[in-house]
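Morning, everyone. Please have a look at it first.

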Amino acid sequence: LKVAACQGALKAVSEHLELLCCKNPADVRRKLAPMEDAELQVAMAYGVASLYFSHLLTQGIDPSDHPIKQELDRIQKYFKKLRDAKETLAFREGVRKRARVDTEAASRIVQHYASAAEARAQRGGA
């Protein structure tokens, strides 16, 4: 049962990686935004390190004392840095959107008060 589940998981991983591996890495990276490219690079590094970690386990080697554990920890720090950078960018974008003047609304307000002032002027002048 566990072997079948493992084979199914490996097949799913293989199918996902096949989509990425059959393309030229430079072409893939060119189509991505900088943040997406960084996420892809970190995810690929983590995937490879995780596979090696799993390989060590299957060979009966304790990976907790192996340098791969330090590498996984280092990559996880990059995940955190990316998450923090995304949050910062999202916050900045939110501030920029809030600071932007809605020109249509401003135009309607000015038009309303200009019409009201004109009507007042006509009533006062009539």
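Let me start inside helix H4, where Lys80 and Asp84 are 4 residues apart, so about one helical turn separates them. Before I go on, keep in mind that this is a predicted model. Lys80 and Asp84 form a salt bridge, and their closest N and O atoms are 3.0 Å apart. How exposed are the two partners? Lys80 has a relative accessible area of 43%, which means partly exposed. Asp84 is also in the partly exposed class, at 29%.

There is another pair of this kind in helix H4. Arg74 and Glu71 sit 3 residues apart there, which again puts about one helical turn between them. They form a salt bridge too, with 2.6 Å between the closest N and O atoms. As for accessibility, Arg74 is partly exposed at 39%, and Glu71 is partly exposed at 29%.

Lys86 makes a salt bridge with Glu39, and the closest N and O atoms are 3.0 Å apart. Which parts of the chain does this pair tie together? Lys86 is in helix H4, residues 67–99, and Glu39 is in helix H3, so the bridge links parts that lie 47 residues apart in sequence. Lys86 has 42% relative accessible area and is partly exposed. Glu39 comes out at 25%, also partly exposed.

Now the cysteines. A disulfide is a covalent bond between the sulfur atoms of two cysteines. How many disulfides turn up in a search of the whole structure? The answer is 0. Two cysteines to look at are Cys6 and Cys22. Cys6 is partly exposed, at 45% relative accessible area. Cys22 has 59%, and since exposed means over 50%, Cys22 counts as exposed.

Last item, the surface patch. Val13, Leu17 and Met44 together make a nonpolar patch of about 210 Å². Met44 belongs to helix H3, which covers residues 34–58. Met44 has a relative accessibility of 32%, so it is classed as partly exposed.

That is what I have for today.

Technical notes
Residues numbered from 1 in each chain as written. Predicted model: local features only at pLDDT ≥ 70, side-chain atom pairs only at ≥ 80, totals over all residues. Heavy atoms only, no water. Patch = residues over 30% accessible without salt bridge, like charges linked within 9 Å, V, L, I, M, F, W, Y side chains within 5 Å. Areas by Shrake-Rupley, 256 points an atom, 1.4 Å probe, with all protein chains shown as cover. Salt bridge = Lys/Arg side-chain N within 4 Å of Asp/Glu carboxyl O. Helix = DSSP H or I, 4+ residues; strand = E, 2+ residues; numbered from the N terminus. Buried < 20%, exposed > 50% of the residue type's maximum accessible area, 1.4 Å probe, protein only. Disulfide = S-S within 2.5 Å.
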